[in-house]
Amino acid sequence: MNKNTREAAPGDGLRSLRSTTLFRAVNFELYAKPNKAVIIFGIAAMLGCTGYMFYMNTNQKRNNYRTIVKSDDTMVLVEKASKWTD
């Protein structure tokens, strides 16, 4: 018998199937067991990025300036004259 073969246990999923080393290297996440510390860090990072984008969006809406492109392709910051013109 080959020493790479073993009995399939319930819950093994793809780990119990025969596969090549290349397939295991390319699809590493299918064979690695979940790491709770990495999962928590990833969720915190995603929430942090989403929160920062929300913060930047709300600050941009409170800004009293807008950019105007002149006919000579220069951009100028001008204070908003009215709330209706957005």
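Of the 86 residues in the protein chain, 3% are buried, where buried denotes under 20% relative accessible area, exposed over 50%, and partly exposed the range in between (1.4 Å probe, protein chains only). The structure is a predicted model, in which local features need pLDDT of at least 70 and side-chain atom pairs count only at pLDDT 80 or more, whereas totals for chains, interfaces and linings use all residues. Residues are numbered from 1 along each chain as its sequence is written, and side-chain values use heavy atoms, with hydrogens and water left out.

Among contacts in the protein chain with a separation of 6 or more, 0% involve residues 24 or more positions apart, a contact being defined by heavy atoms within 4.5 Å.

The protein chain contains three helices and two strands, arranged along the sequence in the pattern α-α-α-β-β. These elements are DSSP runs numbered from the N terminus, with helices (H or I) of at least four residues and strands (E) of at least two. Helix 3 covers residues 36-62 and includes Ile-39. In an unreviewed entry, UniProt lists residues 37-56 as "transmembrane region"; UniProt positions follow the numbering used here, feature names are shortened, and annotations may be inferred rather than shown by experiment. This span is 100% helix and 0% strand, and its end C-alpha atoms lie 28 Å apart.

Ile-39 is partly exposed, at 42% relative accessibility. Together with Ile-43 and Leu-47, Ile-39 makes a nonpolar surface patch of about 300 Å². Patches consist of residues with over 30% relative accessible area and no salt bridge, with like charges joined within 9 Å and nonpolar side chains (Val, Leu, Ile, Met, Phe, Trp, Tyr) within 5 Å. A salt bridge places a side-chain nitrogen of Lys or Arg within 4 Å of a carboxyl oxygen of Asp or Glu.

Strand 1 and strand 2 form a hairpin with five residues between them. The two strands run antiparallel and are joined by five bridges; pairing requires that DSSP finds at least two bridges between two strands. Within this arrangement, Val-69 stands opposite Met-75 of strand 2, and Arg-66 has Val-78 of strand 2 as its bridge partner. Strand 2 lies largely in the open, because zero of its five residues are buried.

The loop between strand 1 (65-69) and strand 2 (75-79) holds Asp-73. Most residues other than glycine have a negative phi. Asp-73, although not a glycine, has a positive phi of about 65°. Asp-73 is also exposed, with a relative accessible area of 66%.

Lys-80 belongs to the segment after strand 2 and is partly exposed, with a relative accessible area of 28%. Although Lys-80 and Tyr-65 are 15 residues apart along the chain, their C-alpha atoms are separated by 5.4 Å.

Terms used. Areas by Shrake-Rupley, 256 points an atom, 1.4 Å probe, with all protein chains shown as cover.
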